[in-house]
Each structure stands twice: as structure tokens, then as C-alpha cells.
Amino acid sequence: MKVIVVGAGVVGTMHAWHAVERGHEVVHIEREAEARGASLRNFGQIWVSGRAGGEELDTALRARELWEGIGARVPGLGFRAIGSLTPVRNELERAVAEAAAARPDAAARGYKLLTADEARAVNPALRGAFEAALWCERDAAVEPRTAQLALREALLATGRYTFLPDREVRDVVGEHAVRDDRGETHSGDAVVLCTGAWLSGLVREAAGEIPVRRVRLQMMQTDPLGEPLTTSVADADSFRYYPAYTSGALDALNAGQAQDPTAAAHRMQLLMVQRLDGGLTIGDTHEYEHPFAFDTLEDPYEHLTRVVESFLGRPLPRIRRRWAGVYAQCVDTTRVVHRQKVRDGVWLVTGPGGRGMTCSPAIAETTANELGW
């Protein structure tokens, strides 16, 4: 079988990976020299902890298993089974963490409520003031800026993979084929369009209006911390954002503890991961209203800096980079992904939202299974 994959972000690359793994030939087409979108502009978190119970959690847990297996074969992914800690500062926040740790699926996530001393034993860099922390053992990390490159190198080594950069696919041509902006037609037994947040042009012509929206975020990365940050770190605002924490305790938190005005205005939470070079990736904001701003705002970065410094108990290293990114999210956020047959032999797969890096291996595996690869 020959599979045409359009889009070289993490979702497209994982579709290519599964096709090659099953013995098929893949032609992978990317409109830029390499992917430049949300697949690189994220935390690199394999984030199980906040996922909604049911299909979303099952997808994340399967993806976590796949990431670990692929990471063992492709060291350049930088896979680390580091887990995460969410420090809590008061009884309202602690109650949400306790409710999460009491979920029926808590063991599958690796949830455990730790004392402050226990949390510092897991992550000694957390020298700031907090009362306890929610530990999630199943969370992990990879290197987002290099993951696709490492996967591509492994795919090229199979001899069954061709990468065609700097080609924008313009048309779906009949069944099982697409035409690029050089006028070349690429035919196969199956075509998968993994176009990320690019929802106009080809996608609109092939699929019409789809129930997927674009979301903009801001993030930053520091110079090396100078010591290991042994886990990912979140703050209690993540309780407000992720569905796993929905409970009466969360209702009490929302009613009894107002979110910081800057965090509320920009729909913020703290997520933080240490990169292999020692720097910290820190974010993020969420912007849903179009048209998006074309610049980045300083207030969110100042808020994140204050929160991080309060957990670390020390000044943040110099900010090395700031950036904005846009990802595609299903309007119905309970849906893991939008998967649509647009022609015989042609499928569109998009809209995982902030779950893209986490869930992409399992999303692609499901596509491969449904298409009978």
C-alpha cells in the first residue's frame, strides 16, 4: 500500500510512522521546509493528568505507551518519563487535588497527593512555599523542536519513506490523489490530510466548514536553570482548565478564590517543562476570538514569571525566547479529534487542540486501524 500524508507536524508525522511500521510506502508532503506550527511551539508534554475520563484518557494513556516505545527506538525524541507536580497553596486548592486523587481512574493516571516535603523530595528545585502537591506519575516529556526531525530521520532509514518539503497541496484530485503547487499529482491507496491549524484553502474546498476552531497561545523559554527540574510543573489554575479536575471542590475553588486578573483575562495556567539544555519552557495563554492579535503581550509573561519564581523560591533565569502559536481544536472539546472522510480514499484529521502532542501517536494508530492499513 502507498499512503500520501499531507502535513509534517506531529499528527502527520505519526500517521507516516504508523503506515511505515505496517510495511507501507509513504510520501509525506509539507508546505514549508519543515513543520513550523504548533507541533514545535508547545511544551513537549505527554500530559495524561488533566485529561477527561473515558475516550480522552484512554487515548492519552495509549499514546503515552506508544511514545515510550517509540522513544526507546528514536533517542532523538528526548523521551523522559518525568511525571508532573501541581503544587497547591491553600485548602481550596488542596481539596481539588484530593478530589482528583480520589477519582476511580486515579491509579491509571498515577495520581497521588504528596506533602510539601514529599514533593520536594521528588523535585528538589521547588523551594518555594506551598502546602502539598498533586503528583501524576504517567506524565512525560519529549523535545518538541526536534521530535519531528528525529522521527523523520528514522523514517528515511527504512527506505519506504519520501519527504517532499516546500510543496503546498492545492487540490484533492478525484480519489486517492492530491495536486501540489508545482502541478505534480501524488497518488496512493490512501491520502491523509493532517493540516493542523490551516483550515482554509484546501481544507475548506475538500471538507467544507468543519466544527474546528483556531486557538492562539503565548509561551516563553529561559536560559538554563542551572539545576534539574525533575518533573513537569503546573499551578492550580490548571485545575480550572483541564476536565479531569471537574468536581464540587473545583466549584468551591472557582466561587471562593478569584483567579488573578491577568490570568483570567488571558485564560491562563502555568505549565513548565525543562528542556534537555536546561532551559525552561513556560506558558501559556489562550485566545479564541478572531482576528488574533499579531503581537505578544507582556502582562502574561510577567504573571508567569511571578508564579514560577514563587514555586522555585529563586529568580527565573533570563528569558531567551518568546513566541506565539496557533493550534486547531474541535469546537466540541469533548471530541479528541476531527476525523472526516472527504472523498473515497481521502481523510482529514485535525483539531486535537492542546492534546496534539500528547495524543498524536494514538490518534494516528486509530486512523490506521479504521482505514485497514
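Which residue forms a salt bridge with Arg 94? In this predicted model, the partner of Arg 94 is Glu 98, and their closest N and O atoms are 3.1 Å apart. Both residues belong to helix 3 (residues 91-101), where a spacing of 4 residues separates them by about one helical turn. Arg 94 is partly exposed, at a relative accessible area of 24%, and Glu 98 is also partly exposed, at 39%.

Another of them joins the side chains of Asp 171 and Arg 179, with an N to O distance of 3.7 Å. Asp 171 is partly exposed at 30% relative accessibility, as is Arg 179 at 31%.

A further salt bridge, at 3.0 Å from N to O, links Glu 227 with Arg 314. Glu 227 sits in the loop between strand 13 (212-222) and strand 14 (232-234), while Arg 314 sits in the loop between helix 11 (298-312) and strand 17 (319-330); the pair therefore ties together parts that are 87 residues apart in sequence. Glu 227 counts as buried, with 19% relative accessibility, whereas Arg 314 is partly exposed, with 25%. Salt bridges also link Asp 223, Asp 277, Arg 318 and Arg 320 in a network.

Residues of helix 1 including Met 14 and Trp 17 meet residues of helix 6, among them Leu 151 and Leu 155. By class, this contact comprises 8 nonpolar and 2 polar residues, with no charged ones.

Methods
Residues numbered from 1 in each chain as written. Predicted model: local features only at pLDDT ≥ 70, side-chain atom pairs only at ≥ 80, totals over all residues. Heavy atoms only, no water. Contact = heavy atoms within 4.5 Å. Helix = DSSP H or I, 4+ residues; strand = E, 2+ residues; numbered from the N terminus. Nonpolar A, V, L, I, M, F, W, Y, C, P; charged D, E, K, R; others polar. Salt bridge = Lys/Arg side-chain N within 4 Å of Asp/Glu carboxyl O. Buried < 20%, exposed > 50% of the residue type's maximum accessible area, 1.4 Å probe, protein only.
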